[in-house]
Amino acid sequence: QVHLVESGGGSVQAGGSLRLSCAEAGHTDSTNCVGWFRQAPGKERELVARIYIGTGSTYYADSAKGRFTISQDNTKVNLQMNSLKPEDTAMYYCAATFRYCGLRPDEFEYWGQGTQVTVSS
């Protein structure tokens, strides 16, 4: 079992930055991939970025490219978000899987409770 806890959300003006962290606890030795997803009200949950734990290989959604950076630091996976826009407003979730690194929420078995990011114009 893997327990994930997100932190670092908050409110910021457009153009600002936030750094989200996902702390892993439990049987994390076999975690293969960690992703950051987001879900805005009335919208589907979408992948923002993911990272292969072993290789450090990353993937970014088009909306995140050039602005967001995902990285790993011991048992934490961080998401640095720069040049934030109002459309980035959402609940952000950390997710992990022991399997291959997919793109869909149903390809990740473990989820945190989420942290709210609000960007005002």
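In this predicted model, cysteine 33 and cysteine 101 are joined by a disulfide whose sulfur atoms are 1.7 Å apart. The torsion about this S-S bond is about 80 degrees, so the link of cysteine 33 and cysteine 101 is right-handed. Cysteine 33 belongs to strand 4, whereas cysteine 101 sits in the loop between strand 9 and strand 10 (110-111), so the bond ties together parts of the chain that are 68 residues apart in sequence. Both cysteine 33 and cysteine 101 are buried.

The structure holds 2 disulfides, and the other pairing to consider is that of cysteine 22 with cysteine 94, for which the S to S distance is 1.9 Å. Here the angle about the S-S bond is -70 degrees, and the link of cysteine 22 and cysteine 94 is left-handed. This pair, too, connects distant parts of the chain, with cysteine 22 in strand 3 and cysteine 94 in strand 9, 72 residues apart. Cysteine 22 has a relative accessible area of 0% and is therefore buried, given that buried means under 20%; cysteine 94, at 0% relative accessibility, counts as buried as well. When the bonded cysteines of the protein are numbered in sequence order, the pairing reads 1-3, 2-4.

In soluble globular proteins, nonpolar side chains tend to be buried together. The largest nonpolar core of this model comprises 27 residues, and those with the most contacts inside it are Trp36, Phe68, Ile70, Leu79, Met81 and Tyr92. Two or more residues of this core are given by each of strand 1 (2-7), strand 3 (18-26), strand 4 (33-39), strand 5 (46-52), strand 7 (68-73), strand 8 (76-81), strand 9 (90-97) and strand 11 (115-120). Of these elements, strand 9 supplies the largest share, with 4 residues. Apart from this core lies another, of 6 residues, which includes Cys33 and Cys101 together with Leu47 and Phe108.

Which residues does methionine 81 touch, once those up to four places away in sequence are not counted? Its contacts are Gly16, Ser17, Leu18, Leu20, Arg67, Phe68, Tyr92 and Val117. Two of these partners, Phe68 and Tyr92, are themselves listed with Met81 among the residues that have the most contacts inside the largest nonpolar core.

Note on methods. Residues numbered from 1 in each chain as written. Predicted model: local features only at pLDDT ≥ 70, side-chain atom pairs only at ≥ 80, totals over all residues. Heavy atoms only, no water. Core = buried A, V, L, I, M, F, W, Y, C linked by side-chain atoms within 4.5 Å. Buried < 20%, exposed > 50% of the residue type's maximum accessible area, 1.4 Å probe, protein only. Contact = heavy atoms within 4.5 Å. Disulfide = S-S within 2.5 Å.
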